[in-house]
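Dear colleague,

I am passing on the structure that we talked about, together with some notes on what came out of going through it. Please read the notes with the structure open beside them.

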Amino acid sequence: MVYIQRPDHLLVAVVFDKYSKLHIKTLIGTYGEFLPGVDLSNRSQKERVFIDTDSHLIICLNNCVKRKLDLHKVLDSIRIRGYNMNIYQVLKDAHYALEFYTKTDVFNQPVYKGPSSVKRDAIMIKHYISARLNDIGLYHDYMKCDVPPVELGSYLRAVVR
């Protein structure tokens, strides 16, 4: 019997409660840990920004931080729906957490020993988040909200302790 290994990619997502319209947590880890039902071999599922469940709205920030315009469209969309979040702090937390996926040891070898696709995603997403954090408009518009806890994937839980 041949087993095909499921590809895995990095997930940086914000979860809102549909009923209270509150940002309840931020997810940083892999799709396999938090959203195992997403078929990552299907490009349309992998690149989705909004995932609507019965009681939660999940926004995959890793799919909308590439361009400033994309992020602003998503932020405007959630604001129109009545949701609100402190995007500046969420991006800062994500940027800090992604450092652990991209670290190297004294011999310039990667510390993270998981799938190379996750490390590659971490480098790319961290670069895009840095660019979005440098956008002046983000800082002033979204600083008014509280920041809920960040839920880390298993690798980050083991490293951050």
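Among the contacts in the protein between residues at least 6 apart in sequence, 67% join residues at least 24 apart, where contact means heavy atoms within 4.5 Å. This is a predicted model, in which local features need pLDDT of at least 70 and side-chain atom pairs count only at pLDDT 80 or more, whereas totals for chains, interfaces and linings use all residues. Residues are numbered from 1 along each chain as its sequence is written, and side-chain values use heavy atoms, with hydrogens and water left out.

The secondary structure comes to seven helices and five strands, and from the N terminus on the elements run β-β-α-α-β-β-α-α-α-α-β-α. Helices (H or I, at least four residues) and strands (E, at least two) are DSSP runs, numbered from the N terminus. Of the 161 residues in the protein, 43% are buried; buried stands for under 20% relative accessible area, exposed for over 50%, and partly exposed for what lies in between (1.4 Å probe, protein chains only). The accessible surface comes to about 9300 Å², and 54% of that belongs to carbon and sulfur atoms; accessible areas come from the Shrake-Rupley method with a 1.4 Å probe, and for residues only the protein chains shown count as cover.

Helix α3 covers residues 68-80, and its 13 residues should span 18 Å at 1.5 Å a residue, which agrees with its end C-alpha atoms being 18 Å apart; the expected span is 1.5 Å times one less than the number of residues. The buried residues of α3 are Leu71, Val74, Leu75 and Ile78. Seen down the helix axis, these buried residues fall within an arc of 95°, so they line one face of α3, the arc being that of the directions from the helix axis to the C-beta atoms. An α-helix has 3.6 residues a turn, so residues three or four places apart point the same way. The face of α3 turned away from the buried side carries the exposed residues Lys73 and Ile80, and the helix is followed by Gly82, whose phi is positive, near 100°.

Lys66 lies in the loop between β4 (56-60) and α3 and counts as exposed, at 53% relative accessibility. Leaving aside neighbours within four places in sequence, Lys66 is in contact with Tyr128 and Arg132. Arg132 belongs to helix α5 (residues 116-133) and is buried, at 9% relative accessibility. Although Lys66 and Arg132 are 66 residues apart in sequence, their C-alpha atoms are 8.4 Å apart in space, and the side chain of Arg132 reaches the backbone oxygen of Lys66 at 2.9 Å.

Ser41, in the loop between α1 (31-34) and α2 (43-46), is exposed at 61% relative accessibility. The side chain of Ser41 makes a polar contact with the side chain of Asp39 at 2.6 Å; a polar contact is a pair of N or O atoms within 3.5 Å, and within protein one must be able to donate a hydrogen and the other to accept it, with residues adjacent in sequence counting only if both atoms are side-chain atoms.

Finally, the cysteines. With a disulfide taken as a pair of cysteine sulfur atoms within 2.5 Å, the count comes to zero. The closest cysteine sulfur to that of Cys60 is in Cys64, 8.3 Å away, which is too far for a bond. Cys60 is buried at 1% relative accessible area, and Cys64 is buried at 2% relative accessibility.
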